Amino acid sequence: MTELIILKLGGSVITKKKEDKAEINEEVLQRIASEISGAMKERKVSLMVVHGAGPFGHVPAREYGLDTGLRDNRQVKGFSITHHSMERLNLLVIDALRKSGLNAIEFQPSSVGILKNEKLVHFPTRALEGILRIGLIPVAYGDVLMDEEKGVGILSGDHLVPYLAKKLNASRVIIATDVAGIFDSDPKGNRNARLIPRINSENIGALSIGNSTTTDVTGGMQRKVRELLNLEIESEIISALEPGLVKKALLGERNIGTVIRK
Ligand SMILES: Nc1ncnc2c1ncn2[C@@H]1O[C@H](COP(=O)(O)OP(=O)(O)OP(=O)(O)O)[C@@H](O)[C@H]1O
Ligand SMILES: [Mg+2]
């Protein structure tokens, strides 16, 4: 199989997360789609996209307490509402990719994945492998899933990405978000925060990595880094708000954000 790259598009980039509005950042999303398309023309790789939720997912998930397990019937309605909202976002992402000439298709996590205490324990990938092999671009997302312990739970895109990277033997993971990488403290709260070019198990302890300044039920930046650090595969957190960086990263350029490797 050709080399596989997994690209996560953060909800902070593709939606109006800062304003807490379940709307897409249309211009930014379309620009990113054309960067992906440009890179795919120049380099032969397989690509899987996973996108985050922004307010499309985090807001209804919080409203119905889906991140704290199943306790009452009202949450069943919340499951349907939250999933539907994520499907709407997924369709908009796929529309943008297809407009740029990419053969993208939805890959719905809740129809195949199972969590146990918020950890992904089952996610068959045979279909996914076939889809990638013929050159399609599967687009998955953070979703509401069955949880064997808690009834229901949230599968964060940040949890799905390292899981799939390992299982599908990806060569590289790129996390595109709304900041330039990982800083020694949250750059949104501290103007003097310094960008950390590399994170490994030695320097992680000295950094103050927060959650998210916006509604985020899945642990924000802190969880992202923790999960990526456990992965044997190199990952890099880059800004998708800076034009050109997504394309550069897909073309194999490194050290344009924060590189994470054990
Ligand atoms: N030390 C840090 N370095 C960089 N960003 C940090 C740090 N601590 C906290 N953050 C925050 O993490 C945010 C990104 O995480 P967040 O989960 O909001 O984005 P996302 O994953 O792109 O969105 P989504 O979860 O909707 O997919 C940044 O906007 C920043 O404010
Ligand atoms: Mg997040």
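Reader: How many residues of the shell around ligand 1 are nonpolar, how many polar and how many charged?

Author: By class, the shell has seven nonpolar, 15 polar and seven charged residues, where Ala, Val, Leu, Ile, Met, Phe, Trp, Tyr, Cys and Pro count as nonpolar, Asp, Glu, Lys and Arg as charged, and the others, Gly among them, as polar. This is a predicted model, in which local features need pLDDT of at least 70 and side-chain atom pairs count only at pLDDT 80 or more, while totals for chains, interfaces and linings use all residues. Residues are numbered from 1 along each chain as its sequence is written, chains are lettered from A and ligands numbered from 1 in the order in which they are written, and side-chain values use heavy atoms, with hydrogens and water left out.

Reader: What makes a residue near a molecule, and which residues are closest to ligand 1?

Author: A residue is near if one of its heavy atoms lies within 4 Å of the molecule. By that rule 29 residues surround ligand 1, the closest being Ser12, Lys188, Ser212, Asp216 and Lys224. Helices H1 (11-14) and H7 (220-229) each supply at least two residues of this shell, with H7 giving the most, three; helices (H or I, at least four residues) and strands (E, at least two) are DSSP runs numbered from the N terminus.

Reader: Why is a pair of atoms called a polar contact, and how far is lysine 188 from an oxygen atom of ligand 1?

Author: The term needs a pair of N or O atoms within 3.5 Å; within protein, one must also be able to donate a hydrogen and the other to accept it, and residues adjacent in sequence count only if both atoms are side-chain atoms. An N or O atom in the side chain of lysine 188 lies 2.6 Å from an oxygen atom of ligand 1, so this pair meets the limit. A polar backbone atom of phenylalanine 183 is 2.9 Å from a nitrogen atom of the ligand, and a polar side-chain atom of threonine 177 is 3.1 Å from a ligand oxygen. The protein covers 99% of the 640 Å² of accessible area that ligand 1 has on its own, by the Shrake-Rupley method with a 1.4 Å probe, in which, for residues, only the protein chains shown count as cover.

Reader: How do you know where ligand 1 sits?

Author: A cavity is a set of points, on a 1 Å grid over the protein atoms alone, where a 1.4 Å probe fits but cannot get out, whereas a pocket is an open set with protein on both sides within 12 Å along at least five of seven lines; lining residues have an atom within 4 Å of a point. A molecule sits in either if more than half of its atoms lie within 2 Å of the grid points, and by this test ligand 1 sits in the largest cavity. That cavity holds about 550 Å³ of space, a volume being the space filled by probe spheres set on the points, which are joined across faces, edges and corners. Its lining has 47 residues, with Lys17, Ser212, Asp216, Gly220 and Lys224 nearest the centre.

Reader: What is the volume of the largest pocket, and what gives the largest share of its lining?

Author: The largest pocket has about 370 Å³ of space, and H6 gives the largest share of its lining, four residues. By class, that lining has four nonpolar, two polar and six charged residues.
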